[in-house]
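Please look over the model below before reading on. My notes follow as numbered points.

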Amino acid sequence: TSQTSVFAIYNRALRSDPTLLGKLLFNMVIEPSGVISTIRVVSSEMADQRLVNKILARIKLINFGSEPVGQTEVNYSFDFLPY
């Protein structure tokens, strides 16, 4: 799943920095076609901006599938905690 892909990126980053943690809140605009046209950080506790950029790039690849709806704006968050 897409969530699994996001956490795989995070887990790879943990190998370099096992102290990485924090909440990432982002906003995305989903078009009727199902593609994400815009994604941006609302707030981030993550110290590694490169990691945040990789995560957002991966999320932007998600296609929610075409629906007969208008453009949809959504806030979503991930809590990253090392195990």
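Which residues have the most contacts inside the largest nonpolar core?

1. Basis. This is a predicted model: local features need pLDDT of at least 70, side-chain atom pairs count only at pLDDT 80 or more, and totals for chains, interfaces and linings use all residues. Residues are numbered from 1 along each chain as its sequence is written, and side-chain values use heavy atoms, without hydrogens or water.

2. Core. The residues with the most contacts are F26, L51, I55, I59 and F80, in a core of 21 residues. Two or more residues each come from α1 (2–16), β1, β2, α2 (49–60) and β3 (72–80). A nonpolar core is a set of buried (under 20% relative accessible area, 1.4 Å probe, protein chains only) Ala, Val, Leu, Ile, Met, Phe, Trp, Tyr and Cys residues joined through side-chain atoms within 4.5 Å. Helices (H or I, at least four residues) and strands (E, at least two) are DSSP runs, numbered from the N terminus.

3. F26. Its contacts (heavy atoms within 4.5 Å) include I39, V41, L56, I59, V74 and F78, leaving out residues up to four places away in sequence.

4. β1 (residues 22–30) and β2 (residues 36–44) run antiparallel, joined by seven bridges. Pairing needs at least two bridges by DSSP. I30 stands opposite I36. Five residues lie between the strands, and G34 has a positive phi near 100°.

5. Helix pair. The axes of α1 and α2 come within 10 Å and cross at roughly 160°. α1 is therefore roughly antiparallel (over 145 degrees) to α2. Axes are lines fitted to C-alpha atoms over the stretch in contact, with angles from 0 to 180 degrees between N-to-C directions. In α1, S2, S5, V6, I9, Y10 and A13 meet L51, K54, I55, R58 and I59 of α2.

Technical notes. Buried < 20%, exposed > 50% of the residue type's maximum accessible area, 1.4 Å probe, protein only. Parallel < 35°, antiparallel > 145°, perpendicular 65-115°, else oblique.
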